[in-house]
Amino acid sequence: MEQLDRAKRYLSRLRYAYEGIQDSSGLFSIESPKDDCISFFMHCYHIKDWIKHLYCKTQEEKQSVEDFINDNDELKICADLSNGSKHYRLRDISKYRSGEHQDIGLSDYKSATYITGTGGLEIHKCRFNVESTNASFDALKLAEKCIELWSDYISHVLDKSINPPH
């Protein structure tokens, strides 16, 4: 599915930020990996829309996708991050699937310069946390779990219960 693949590409970018791998342009801004982190959660959350459009024929099947999100804490946080980044902050606390506002923040940043025979190389490692009032999560671990959940859902639940297009 195209949207799952897109989310996986943003997951790769998040992994690159953790490992210190940057764009070959040599220009670094702390905003770029944070944008990639936020974009991951936005694209990951909207996998639900693609599933509904491609695989669901009835309102009941569409609701089962929403129920799946609501049954998984990681996907509820993903939904809140997506909606929060789009709308800044949801006004009504009942709109948060996880029950509270979630923010993405930089948890660690390390920079190093290496000199080689042909010049230098800069490494910038960034780590992010997802913060709420009561908890803190490593963004990469959360992102990997979200992709795992969606991948399992698509391959097991949809393949068995809903007839996907061939």
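**Close-up views of a predicted model**

Trp150 and Tyr153 are both buried, where buried means under 20% relative accessible area, exposed over 50%, and partly exposed in between (1.4 Å probe, protein chains only). Residues are numbered from 1 along each chain as its sequence is written, and side-chain values use heavy atoms, with hydrogens and water left out.

View 1. Across the whole structure, a search finds four aromatic pairs. One of them joins Trp150 and Tyr153, with 5.9 Å centre to centre and 80 degrees between the planes, an edge-to-face arrangement. For such pairs, the rings of Phe, Tyr and Trp (its six-membered ring) must have centres within 6.5 Å; planes under 30 degrees apart count as stacked, over 60 as edge-to-face, and the rest as tilted. Why are Trp150 and Tyr153 separated by about one helical turn? They are three residues apart in helix α6. As a reminder, an α-helix has 3.6 residues a turn, so residues three or four places apart point the same way.

**View 2. The whole chain, for orientation.** Six helices and three strands make up the secondary structure, in the order α-α-α-α-α-β-β-β-α along the sequence. Helices (H or I, at least four residues) and strands (E, at least two) are DSSP runs, numbered from the N terminus. The chain has 166 residues, of which 40% count as buried. Take contacts between residues at least 6 apart in sequence: 65% of these join residues at least 24 apart. Contact here means heavy atoms within 4.5 Å.

**View 3. The largest nonpolar core.** A nonpolar core is a set of buried Ala, Val, Leu, Ile, Met, Phe, Trp, Tyr and Cys residues joined through side-chain atoms within 4.5 Å. The largest one has 38 residues, and those touching the most other members are Phe40, Phe41, Cys44, Ile47, Ile51, Phe128 and Trp150. Two or more core residues come from each of α1 (2-19), α2 (31-45), α3 (47-55), α4 (59-70), α5 (73-87), β2 (119-131) and α6 (139-161). Helix α6 gives the largest share, ten residues.

**View 4. Helix α1 and its buried side.** With 18 residues, α1 reaches 26 Å from its first C-alpha to its last, close to the 26 Å expected at 1.5 Å a residue; the expected span is 1.5 Å times one less than the number of residues. Buried in α1 are Gln3, Leu4, Arg6, Ala7, Tyr10, Leu11, Leu14, Ala17 and Tyr18. They lie on the same side of α1 because they cover an arc of only 160 degrees around the axis, the arc being that of the directions from the helix axis to the C-beta atoms. Gly20 follows α1, with a positive phi near 90 degrees.

**View 5. Helices α2 and α3.** In α2, the buried residues are Pro33, Asp36, Cys37, Ser39, Phe40, Phe41, Cys44 and Tyr45. In α3, Ile47, Lys48, Ile51, Lys52 and Tyr55 are buried. Seen down its axis, the buried residues of α3 fall within an arc of 140 degrees, so they line one face of the helix.

**View 6. Ala143 and its contacts.** Ala143 belongs to helix α6 and is buried, with a relative accessible area of 0%. Which residues does Ala143 contact, leaving aside neighbours within four places in sequence? They are Leu11, Leu14, Phe40 and Phe41. The C-alpha atoms of Ala143 and Phe41 are separated by 7.3 Å, although these residues are 102 apart along the chain.

View 7. Ser82, in helix α5, is buried at a relative accessible area of 1%. Not counting residues up to four places away in sequence, Ser82 touches Phe41, Met42, Tyr45 and His46. Lys76 also sits in helix α5, and is buried with a relative accessible area of 16%. Between the C-alpha atoms of Lys76 and Cys146, 70 residues apart along the chain, the separation is 9.6 Å.

**View 8. Confidence along the chain.** The mean pLDDT is 82, and 72% of the residues reach 70 or more; pLDDT is the predictor's confidence in each residue, from 0 to 100. Among the elements, strand β1 (residues 103-116) has the lowest mean pLDDT (70) and α4 the highest (95). Where pLDDT is low, the predicted coordinates should not be read in detail.
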